[in-house]
Amino acid sequence: MSAAYLLALLAALSAPYQLATFREDITVPLGHACMGGGVSPATEVVDPLYVHGAALLGPDKPLVFVAVDWCEVRNDAYDHWRDALAEAAGTTRERVLLASVHQHDAPVVDYEAQRLLDEAGLEKSLCDVAFAKQCVDRAAAALKEALKSPRKVTHYGIGSGNVEGVTSNRRVVLPDGTITYGRGSATADPALRSLPEGIIDPFLKTLSFWDGDTPLAALSAYSTHPMSYYGKGGVSADFVGMARARRQAELPEVFQMYFTGCSGDTTAGKFNDGDPANRPVLADRIYRGMVNAWENTQRYPLEQATLRVAPLNLVPKRFGGYSETDARATLADASVKTFTRNLAAMALSYRKRVDAGQPIDVPVVDFGKAKFLILPGESFVQYQITAQGMSPDAPVVTAGFGECAPGYIPTAIASTEGYNEESWCWVEPGAEPLITDALALAVRGK
């Protein structure tokens, strides 16, 4: 029995619930690939990247909530993060609820994909595996240290705040009836920016933990791609990181975490043309959403933290160069650009996971009057709206970008409009009923 587990056990016995929080710098070194090698590698650090975590200790094994300021964590790298933090906390892998925040001037980490790329002579083209593992080790050490001094938790809180002027849907219908998903994070075309927001979730939700009237931690989530501008090598937690840091400075005694909601099809494109001056503007609007959610918080005695995990089996994409045969051919072809070979390696890594029979976890922690949910990859925003509809009496704080191996996970409508043809999508059409069934099991418990 590990020392960390004994500490957690003693904490659980001494009080019904306790909370231990940790933060660790995981900023990539200069020269490291960003966004899977699809943009410029790191040339400067504009602001640091962090992993934030909160371990909730109680009658059952600890639950660990983790937000990583990386673009994506995938496949065996995702398992490594959860296994290492589970060992540090004396818990099990499924009780580590980890999601990437998904800033693009940040790394995509997939050990198996990089192993395949190494064999093809593309060392570190996707990620620096040794560096990534060092980050995991440091995070686990930080968690162990935090477990030495947990704080008593008596209540949890839930609040929501409307966010204005940040999010729009990628999907827009042009005046001639043509449908395009061209409204990206930074949209220069004023005609696209002038069109309606489309389907979004306008609410930022905050789950909080309290000792009586003393707030301890705030876990906020909102659906939008967290980029104002990116791609030129300036490593940054971007506008959501700025908002989180401002809130932390304002309430230094309250540990602040931020999760990006289901945002495969939501961006700041309607309100952002890519001008760097927009980054602090967007940060201020997210910050105000955090303040509103905090002011609207209702507190309840913490009497349960029930974990339900639904298995999700998505089918790897077989077209567009992502069949196993095509992906291996692309990976081996030195005449193909490196980013395309990186995408092929990630396709093969995901296939290895699926072939091993390992489903994706869809976890929900049910507190009674609030729930915390993680969905995989770039799930479209409709999935978190659907989840909320399954829980009319308890707000659902939803994080996307859990296991990121599938990439974009379109809805059925988006699939019919060809969204699965995107190169950052590794799944076949038909995901929506599979996710809906998983949500019913995890959110409703049936």
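**Helix 6 against helix 7**

I started with helix 6 (residues 238–250) and helix 7 (residues 278–295), whose axes come within 8 Å and cross at roughly 50°. That angle makes helix 6 oblique to helix 7. I also checked the hand: the crossing of helix 6 and helix 7 is right-handed. All of this is from a predicted model, so I keep that in mind.

Which residues meet here? On the helix 6 side I list D238, F239, M242, A243, R244, R246, R247 and E250. Facing them in helix 7 are R279, P280, L282, A283, D284, I286, Y287, M290, V291 and W294. Sorted by class, the contact of helix 6 with helix 7 has 11 nonpolar and seven charged residues, with no polar ones.

**Strand 9 and its partners**

Next I went through the pairings of strand 9 (residues 155–162). Strand 9 runs antiparallel to strand 13 (residues 203–211), with eight bridges between them. I picked out S160, and its bridge partner in strand 13 is K205.

Strand 9 also pairs with strand 18 (residues 298–301), again in the antiparallel sense, over four bridges. There I noted I158, whose bridge partner in strand 18 is Q298.

As a reminder to myself, strands of a sheet pair through backbone hydrogen bonds, either parallel or antiparallel.

Then I looked up an open sheet of four strands, and its order reads 19-20-21-23 with mixed pairing. Which strands sit at the edges? They are strand 19 (306–312) and strand 23 (396–399), each pairing on one side only. From one strand to the next, the twist averages 15°.

Inside that order I zoomed in on strand 20 (residues 360–366) and strand 21 (residues 371–374), which run antiparallel and are joined by three bridges. D366 stands opposite K371 in strand 21.

**Aromatic pairs**

Last, I searched the whole structure for aromatic pairs and got 15. One of them is W70 with F131: the ring centres are 6.5 Å apart and the planes are at 40°, so I log the pair as tilted.

Where do the two residues lie? W70 is in the loop between strand 4 (63–68) and strand 5 (72–73), while F131 is in helix 4 (residues 129–146). The pair therefore ties together parts that are 61 residues apart in sequence.

Definitions and conventions:
Residues numbered from 1 in each chain as written. Predicted model: local features only at pLDDT ≥ 70, side-chain atom pairs only at ≥ 80, totals over all residues. Heavy atoms only, no water. Pairing = 2+ DSSP bridges. Axes fitted to C-alpha atoms, helices over the stretch in contact; angles between N-to-C directions. Parallel < 35°, antiparallel > 145°, perpendicular 65-115°, else oblique. Left-handed = near helix turned anticlockwise from the far one by under 90°. Contact = heavy atoms within 4.5 Å. Nonpolar A, V, L, I, M, F, W, Y, C, P; charged D, E, K, R; others polar. Phe/Tyr/Trp six-rings, centres within 6.5 Å; stacked < 30°, edge-to-face > 60°.
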